[in-house]
Amino acid sequence: MIWQIALRNLIKNGRRTIITITAIGIGGLAMMLFGGFVTSIFFGVQTSNIQDQGQLQVYKKDYLKFGAADPDSYTIDNYHNAMDAILADPELKQQIYVITPQVQLAGIAGVAATDNSKTFIGRGVVQEDADKMRKWDGWNVKVETPATGLAGSGSEGAIVGKGMARLLGLCKPLNIPNCEDPPNLVKPLSDEVVDFSDLVDSDLAQNSTEVTENQGPQINLLAAADGAPNIVSVFIKDMQSQAQRAIDNAFLMMHFDTARSLLYGEDPRATSLLIQLNNPNNVDQVKARIQQIIDKEQLNLEVFTFSEVDPTFNRIVGMFSFIFGVVSLFLGIVIIFTITNTINLTVMERVNEIGTIRALGFRRGFVMRMFISESALIGLFGVIMAILLTLVIANIINASQISWTPPSNATPILINLMVLENPLLLAGIVAFLFSLAVLAAIYPTRKASRMNIVSSLHHA
Amino acid sequence: MFRDENIRDYNPVSTSSHYSPNQEAPPNAESIAVFKDVEKEYVIDKYKFKALKGASCKIPKGEMTFLFGPSGSGKTTFLNLLGLLDQPTAGEIYLMGEKVSDFNDNRAADFRSKNIGFIFQSFNLISVLSVLENVEFPLLHDNINRSERRERAEHYLEAVGLGELINRNIGEISGGQRQRVAIARALVTNPALVIADEPTANLDIRTSQEIVDLMTDMKSKFKTSFVICTHDETLINEGSRLIHIVDGLLQDTGGLK
């Protein structure tokens, strides 16, 4: 009967009830939509990272500590052995979608004809593997990362960042929209410009910025693993914008074998192994198993998750979690005040009823239960309203094809509010709202239950 | 514990000028309530005000007792103390042989729920409940299932003549009918004592008399003690016990009317 009384009182004070339920509904809607947005960021950014770097990366021991200063000493020698050892495990073989070597390198890129050169930061990837990785979508978030663009380019094909293309004067040769070549592109050699074109095969150097059929403009790369530098020429197939300007201005991606031979000649060495798993929720288990095999084979390697290698993802999660927490806190305060105010008004209107109920022999706890039941019902209806509104509005937003560019992306992605895809968050918000509704009623109901019975009975 | 037999023998020794109505009770009558030198003082804006000034009396069991007096005489204070809605500043109160004047809040609530029914001047029914549900309401104390609650509530509504109106909303019935609902609600827990504070003040003369007659019937039918507070002497039935209260003091009225 307590619930009947609560429900009927809510209906009796219909307008006030609707306003309170709407406050919870709108607050819940804001939390759920923002939660869905944050979820889509978490999964989207993770998917982008996994498409590019896999869930796990294997490095020579201590590479992350000291490898940047001395990369030659921290390469994986005979990387095939490590790959074979990992894939020899039947359980891992089933879990692994792609395992591929990668070379990371830095050096100088030069265009002979324009005397233009600049430093580059490059990656050498196995094109087939890298393109396969970019199709991974383990959470079905529909993040579409473009293919490497290296397909069909032979071993001399390469891709540069948009900034890199601009700085090397490749905007026109590559027909890049909204890209302007430097005004002082053709200039006499000076001390500042590194000219190593004469080190390259003269036939290749001649063609420099000319766009050869199906190959693109040619640039020369100089890099050293240890000791004397090596040089190779590559043809720039296309450009791909990178998320950060500093990286975009220096980015270069090429075939694994070309990068490897530039640094190590014929030695089968790689900077790292990238591992992409079929099941995105099984990473820790696989990581432990791989480390076990590595240790058993005494390969002197270490395995990391992508977020251990690059903490950007964790920072993004931390930032959005903090914002979500702050937004939820403020919404929660507004909801608490609204409900407290509603229950206070209800208590004030029903002082005489409280006195009567107490006179009939009901304890204080019963009076509290009566009003908390009302508040709980308000919370319940508010939560239902929030869920229904969220489902409708989330579907409208998702269907309207609005795009945005996440912090770690270079290209915009469609907004896909993942509300139902994160049931834990949804349940958390529902529990949070419901708890707020109940908690907000405690103070006014406690006050009500402690009213003097005689005074209450004489309250008009 | 101070049991009923002791109460029956209790004869207040008081030098105060007030009258003790127990002297007029039949010699073999048991008391439902005993007041012993009860005082009640209120503090309003730092000023102390004594509403009851050493009240001693016995209220006989199974009878209808009228508490009569002008406004502000202390009638309601007396009833509040009798109904365990308030605590005395001094003195002792015994109900059904149990000393109740020092009960804590929960114990007083439990005692009220089992032993005392209330009828209020403004009916004090729960507006969102139907006639039947209002009468059922006090039975929520005990773990009585819904069908039994309904059965008992219907029984008492039949007894007060509202058997046809059980599904009506409170707003759909007259003042007299509302007071009948309140009487049924007061009786539904089968209490030993029913306290009625000016139960006819909001009713016309004819309805008022009907309500008093109804309570007299109910007293006989359910063997319940009634203490009715009123300032309207015309309502006091023949043969009823009478306690006259003036300025916080109980006065001699000769006991039976």
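Which element gives the largest share of the lining of the largest cavity? In this predicted model, the answer is S3(A), with three residues.

## Cavities

The count comes to five cavities of 30 Å³ or more. The largest cavity has a volume of about 70 Å³. Its lining includes A:Gln51, A:Asp52, A:Thr100, A:Pro101, A:Gln102, A:Arg123 and A:Leu274. Also among the lining residues are A:Val125, A:Val126, A:Ala130, A:Met133 and A:Arg134.

Four elements of chain A give two or more residues each to the lining of the largest cavity: helix H2 (14-53), strand S3 (96-111), strand S4 (116-125) and helix H6 (127-133). By class, this lining has six nonpolar, three polar and three charged residues.

## A buried lysine

A:Lys60 belongs to strand S1 (residues 56-60) of chain A. A:Lys60 is buried, yet has no salt bridge. The nearest side chain of opposite charge is A:Asp77, 4.1 Å away. A salt bridge needs the charged atoms within 4 Å.

## An enclosed helix

Helix H15 (residues 351-359) of chain A is largely enclosed by the rest of the structure, because eight of its nine residues are buried. The buried residues of H15(A) are A:Val351, A:Glu353, A:Ile354, A:Gly355, A:Thr356, A:Ile357, A:Arg358 and A:Ala359.

What follows H15(A)? A:Gly361 does, and its phi is positive, near 105 degrees.

How values were computed
Residues numbered from 1 in each chain as written. Chains lettered and ligands numbered in written order. Predicted model: local features only at pLDDT ≥ 70, side-chain atom pairs only at ≥ 80, totals over all residues. Heavy atoms only, no water. Buried < 20%, exposed > 50% of the residue type's maximum accessible area, 1.4 Å probe, protein only. Lys, Arg positive; Asp, Glu negative; His and termini not counted. 1 Å grid on protein atoms, 1.4 Å probe; cavity = no way out; pocket = protein on both sides within 12 Å on 5 of 7 lines; lining within 4 Å. Points joined across faces, edges and corners; volume = space filled by probe spheres on them. Nonpolar A, V, L, I, M, F, W, Y, C, P; charged D, E, K, R; others polar.
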